[in-house]
Amino acid sequence: MAAVAAGELAAFLTGANLIMEYVFSNAAVARSFTAYLGTAVGVDAPREWRIAVRGLPEGFNQVDLVAVAVILLVSVCICYSTKESSAVNLALTAVHVAFILFVIGMGFRHGDARNLTRPADPARSPGGFFPHGAAGVFNGAAMVYLSYIGYDAVSTMAEEVQRPARDIPAGVSGSVVVVTVLYCLMAASMSMLLPYDAIDPEAPFSGAFKGRERCAWVSNVVGAGASLGILTSLMVAMLGQARYLCVIGRSGVMPAWLARVNPRTATPVNASAFLGLFTAALALFTELDILLNLVCIGTLFVFYMVANAVVYRRYAGAGATWPTLAFLLVFSLAALAFTLAWKLAPPEPRGLRAGLLAACAALAAAAVAAFQALVPQARSPQLWGVPGMPWVPAASVFLNVFLLGSLDRPSYVRFAIFSAAALLVYVLYSVHASYDAEESGRLDVDAAGGKVQDEACTV
């Protein structure tokens with residue numbers, strides 16, 4: 001969609017960020033697997049199982065061999081067979097859901113509602129139900145975007161689904177609803193078990209039961225359940241990331257070697273092995289918080305691009321291309337102005353900040369209303385489509401811009417370095433490889449201007 005809406009470069013950067021968020025999130029999840037596995041067997045894993053290496057910079061000096069081993073194990077599984085991997089994933093998911101319900105029940109049973117408002121250390125941490133105010137809520141919202149990675153992996157499996165037009169949208173929307181409800185319940189139970197400033201960032205749920213009378217065994221059970229859940233998450237995410245890279249390889253902007261499918265296993269073995277090794281290398285050294293920040297900024301950028309592409313795809317055409325682009329630009333600038341006013345506007349004089357925020361929000365809403373009234377939709381979805389156009393994707397654009405403003409400066413620096421490296425790859429290789437493929441007839445151009453892989457092309 002991004003290729004049709006904004007061109008090959010925008011599509012390449014979006015695809016690169018999709019791969020980036022999967023690789024970084026899988027590395028982060030594998031690092032947390034070490035902590036939970038240690039909890040399950042009664043070992044302080046971060047201290048006992050990770051090897052400190054002198055001379056390496058802070059944040060990259062804790063070698064985690066367990067994380068590397070689990071990533072390589074999952075990579076071997078997904079290279080072997082999609083069918084068998086799906087069967088293993090289904091069994092792990094069933095066990096994981098049972099553990100989630102167990103954790104929620106134990107949290108509400110043994111938790112204390114007073115922990116929702118009181119910190120463990122009032123001298124160092126603010127109290128109250130919103131201890132860091134609205135800014136803290138939005139900062140947290142930007143970070144938990146990590147939890148919404150992976151649903152798009154369902155769409156990457158379309159080639160292996162019998163009825164993708166029906167099953168893919170139902171699978172994505174249904175899983176989002178179920179997981180959101182479970183996530184909120186787990187967050188509530190966690191906050192009741194411990195004050196927010198006493199939560200263990202490495203293994204929060206299993207750590208919450210440590211030291212509790214008659215509940216110490218729960219910590220081991222939760223650690224085992226979380227370890228199985230992490231394996232499930234890794235398997236799904238690594239299945240998806242390999243297929244993303246396979247599709248990018250088919251497009252010609254990456255080496256076609258990555259798009260080769262093993263005739264015996266019917267899996268993209270090359271892409272799976274390449275990304276598995278890359279993910280393992282990151283998980284070996286990089287600390288969890290660095291990985292999480294990179295994942296969040298990449299995810300927000302991708303969601304922003306996709307929301308814009310949805311509007312462009314539905315409205316551009318029949319003379320409406322430039323009005324659509326103008327609307328997307330004006331709306332993004334209004335969202336950016338709202339974000340800057342929220343971050344930078346001084347609290348005094350009283351009412352100035354609220355006035356600026358109201359003006360920016362009113363401008364954004366007026367832009368959407370005017371666009372809806374003046375520009376008709378050029379295309380209608382045949383089966384499934386985003387409802388409430390253009391309000392729903394516009395709200396997504398606004399939210400993603402706002403949450404991007406909540407992230408810290410080092411995350412932007414690392415994101416800029418990654419984007420510059422991706423742009424360099426595109427300029428030095430991808431644009432030429434794609435052009436050569438088009439000239440040789442391996443790629444055709446469809447009516448909308450997007451490049452399409454020739455059905456007869458064998459890679």
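Tutor: The axes of helix H2 (residues 8–41) and H12 come within 8 Å and cross at roughly 150 degrees. This is a predicted model, in which local features need pLDDT of at least 70, side-chain atom pairs count only at pLDDT 80 or more, and totals for chains, interfaces and linings use all residues. Residues are numbered from 1 along each chain as its sequence is written, and side-chain values use heavy atoms, with hydrogens and water left out.

Student: Why is H2 called roughly antiparallel to H12?

Tutor: Angles under 35 degrees count as roughly parallel, over 145 as roughly antiparallel, 65 to 115 as roughly perpendicular and the rest as oblique. The H2 and H12 axes cross at roughly 150 degrees, so H2 is roughly antiparallel to H12.

Student: What makes residues of H2 and H12 count as meeting?

Tutor: Contact means heavy atoms within 4.5 Å. Among the residues of H2 that meet H12 are Leu13, Phe24 and Arg31, and the H12 side includes Leu291, Phe301 and Met305. By class, this contact of H2 with H12 has 15 nonpolar, five polar and two charged residues.

Student: How do you know how H12 and H15 are oriented?

Tutor: The axes of H12 (residues 288–315) and H15 (residues 391–404) come within 9 Å and cross at roughly 155 degrees. That value is over 145, so H12 is roughly antiparallel to H15.

Student: Which residues does H12 bring to H15?

Tutor: They include Ile297, Phe301 and Tyr304, and the H15 side includes Pro393, Val397 and Leu404. The contact of H12 with H15 has 13 nonpolar, three polar and no charged residues.

Technical notes: Axes fitted to C-alpha atoms, helices over the stretch in contact; angles between N-to-C directions. Helix = DSSP H or I, 4+ residues; strand = E, 2+ residues; numbered from the N terminus. Nonpolar A, V, L, I, M, F, W, Y, C, P; charged D, E, K, R; others polar.
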